[in-house]
Amino acid sequence: FVSWSFAKHNIKTGSSISSLTQDRHGNIWCSVQNNGVYLFDSKSGNAVKASAPEGTNLVYFDRRGRLWMCTENVLYEADVTKGQYHKKAEFDCWGINAIEDDGGDMLFFSIFGKGLCAYNTQTGSIHVFSMGKPIKGCGALGNDWVKSLFMDSRGILWIGMSEGLSCLNPRTGSFLTYGWQSQLLDCMVSA
């Protein structure tokens with residue numbers, strides 16, 4: 001295990017690391033609350049501050065190699081070769097705090113307190129799943145306070161929430177929920 005310190009490299013962060021992601025070259029990117037995004041070069045071991053929207057608290061490389069950055073309520077796609085970012089969507093929520101993709105055109109992320117967002121990266125279309133909006137015959141998201149997301153090898157999206165766990169089959173739009181009504185009653189799931 002190798003430890004790396006911002007302070008040893010004369011970088012004053014003043015806050016904590018809020019997210020980490022890795023690019024296709026093995027470089028690690030991290031968002032530092034209230035202080036921007038940093039790139040850790042895998043070859044040199046050096047860190048540099050990257051171009052990012054002010055207030056970025058979540059960074060994520062999808063399976064296609066695209067970098068996504070989120071502030072409290074805005075989703076950006078970044079062009080790392082040009083050092084630019086482009087606003088893709090804005091939400092009325094209490095934070096975008098989890099993100100995952102399907103390896104294709106769909107990006108899923110938490111719009112905390114409002115549910116789960118499915119964003120088509122090609123068309124820009126958005127669908128919000130919410131516990132208050134059940135889909136006839138398909139169920140509903142178990143809780144709108146989504147804390148973590150994981151896409152398994154079968155293409156099922158696992159959704160950790162403030163009170164339980166839901167699974168979304170993106171192909172059918174159907175949910176299976178473990179939570180309020182089952183053995184995970186009153187359990188917070190976060191990863």
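**Exercise 1.** Decide which accessibility class Ile28 belongs to: buried, partly exposed or exposed.

*Solution.* Begin with the cut-offs: buried means under 20% relative accessible area, exposed over 50%, and partly exposed in between (1.4 Å probe, protein chains only). Ile28, which lies in strand β2 (residues 28-32), has 32% relative accessibility and therefore counts as partly exposed. Strands here are DSSP runs of E with at least two residues, numbered from the N terminus.

The model is a predicted one, in which local features need pLDDT of at least 70 and side-chain atom pairs count only at pLDDT 80 or more, while totals for chains, interfaces and linings use all residues. Residues are numbered from 1 along each chain as its sequence is written, and side-chain values use heavy atoms, with hydrogens and water left out.

**Exercise 2.** Describe the open sheet that contains β9, and its pairing.

*Solution.* Next find the edges, β9 (99-101) and β12 (126-129), each of which pairs on one side only. Then look at one pair: β10 (residues 106-111) and β11 (residues 115-120) run antiparallel and are joined by six bridges, and Leu107 stands opposite Tyr119 in β11.

**Exercise 3.** Locate Ser130 and state what its side chain contacts.

*Solution.* Ser130 sits in the loop between β12 and β13 (146-151), where its relative accessible area of 10% makes Ser130 buried. Finally, the side chains of Ser130 and Asp144 are joined by a polar contact of 2.9 Å, that is, a pair of N or O atoms within 3.5 Å, of which, within protein, one must be able to donate a hydrogen and the other to accept it, and residues adjacent in sequence count only if both atoms are side-chain atoms.

Methods:
Helices (H or I, at least four residues) and strands (E, at least two) are DSSP runs, numbered from the N terminus. Two strands pair if DSSP finds at least two bridges between them.
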